[in-house]
Amino acid sequence: MSRLVIIGSGPAGYTAALYAARADLAPIVYEGLQPGGQLTITTEVENFPGFPEGVVGPDLMDRMKRQVERFGAECRPGFIQKVDFGRRPFVLDDGDQQIEADAVIVATGASAQLLKVPGEDHLMGYGVSACATCDAAFFRNVHVAVVGGGDSAMEEGTYLTKFASKVTIIHRREEFRASKIMLKRAQENPKIEFLLNTVVEEMLGHDDKRRLRALKLRDTVTNEVSEMAIDGCFVAIGHKPNTDVFKGQLDMDEKGYLKLGHGTRTNVEGVFAAGDVADAEYRQAITAAGTGCMAALEAERWLAAR
Ligand code: NAP
């Protein structure tokens, strides 16, 4: 039994835990499948205030974890597989045991989306990846592709040039979602070339071994289909909120992002949400941290009022 359980350990979860722990709520943080969240698979974070020289993602998350533990939050490895928000106290199930909680903060974040083209699943981990930070070092002195036109694609493409001999960024349009500064950095990198108005239709492996060999591409203007020999393909096309476990209990939009009422309140009284799980728009570490703080303050007030 806990007064407050926080599900998720990204900037939102840890900031909520920091505030809740300092308010003597002794929160329990379930760290989830990717402890530390998305920043643990990013490289340099240059836009988190207080780090004028930048900070490496995993390092930032490690600092956040140590900070919450200093104030008495309990960080538990574990993934919440089932929740019952229809009962009071709420019941959460991590597969091994059930835990009851008076209040819950959902900070489960979002995960990388995939292209869902033939070959992608089969070749994932065999030349295909959704995380340059994790896998770039396996692609030294070879030609790799990055799919996407947002900040993730620019960031991954730029990072990959440290290892690969050539990086081709494949984007389905001519305009980019990426911020000007990140796009410019990629455009000015001599190892990066852009292939625009192009979609990946299939990922092709070698006949004799499980390894990516080429991408089947289609030009969206001419409809021409071609094949590009490639050694690696990084998919960087955005994210999906991690809300499957809350289906039928918490209100969400058509993409699965949680819908919030005032502040961080969900449709269930006593359940609050923070970070990317309820934010399709800003999706920044600092906004996640900010809403984590809000969720903890609201949970604290709600618990006090009961
Ligand atoms: P995003 O901004 O949503 O961009 C996704 C890109 O993938 C878009 O260019 C989109 O094309 C393309 N795409 C989506 N589905 C596709 C499909 N099925 N086939 C081909 N292309 C597809 O996602 P993101 O780049 O991951 O960025 C998400 C948020 O995180 C943004 O707010 C971004 O600023 C932030 N971010 C910040 C940093 C940083 O500051 N260091 C780094 C990474 C991300 P269309 O444009 O045609 O829709």
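Aromatic pairs, then. This is a predicted model, and a search of the whole structure turns up 7 of them. Take Phe139 and Phe234. Their ring centres are 5.3 Å apart and their planes sit at 75°, so this pair is edge-to-face. Where are the two residues? Phe139 is in the loop between α4 (132-135) and β11 (143-147), and Phe234 is in strand β17 (residues 232-235). So the pair ties together parts 95 residues apart in sequence. Are they buried or exposed? Phe139 has 4% relative accessibility, so it counts as buried. Phe234 is at 0%, so it is buried too.

Next, Phe272 and Trp302. Here the centres are 6.4 Å apart. The cut-off for a pair is 6.5 Å, so these rings qualify. The planes are at 70°, so we call this one edge-to-face as well. Phe272 belongs to strand β19 (residues 271-273), Trp302 to helix α7 (residues 285-305).

Phe85, Phe90 and Phe246 are joined by ring pairs into a cluster. And Arg22 lies over the face of Phe71, 5.2 Å from the ring centre.

Now charges. How many salt bridges does the search of the whole structure find? It finds 13. Look at Arg185 and Glu46, with a nitrogen-to-oxygen distance of 3.5 Å. This bridge links distant parts of the chain: Arg185 is in helix α6, and Glu46 is in the loop between β3 (44-45) and β4 (55-56), 139 residues apart. Arg185 is partly exposed, at 38% relative accessible area. Glu46 has 53%, so it counts as exposed.

Stay in this area of the sequence. Glu188 and Lys184 form a salt bridge at 3.3 Å. Glu188 is exposed at 55%, and Lys184 is partly exposed at 49%. Gln187 is in helix α6 (residues 180-187). Its relative accessibility is 46%, so Gln187 is partly exposed.

Another bridge: Glu227 and Arg213, 3.0 Å from N to O. Glu227 lies in strand β16 (residues 225-229) and Arg213 in strand β15 (residues 212-219), so two strands are tied together, the partners being 14 residues apart. Glu227 is exposed, at 51%. Arg213 is partly exposed, at 33%.

Last item. Lys240, Asp244 and Lys247 are linked in a salt-bridge network. Questions, please.

Terms used:
Residues numbered from 1 in each chain as written. Predicted model: local features only at pLDDT ≥ 70, side-chain atom pairs only at ≥ 80, totals over all residues. Heavy atoms only, no water. Phe/Tyr/Trp six-rings, centres within 6.5 Å; stacked < 30°, edge-to-face > 60°. Helix = DSSP H or I, 4+ residues; strand = E, 2+ residues; numbered from the N terminus. Buried < 20%, exposed > 50% of the residue type's maximum accessible area, 1.4 Å probe, protein only. Lys NZ or Arg CZ within 6 Å of the ring centre and 35° of its normal. Salt bridge = Lys/Arg side-chain N within 4 Å of Asp/Glu carboxyl O.
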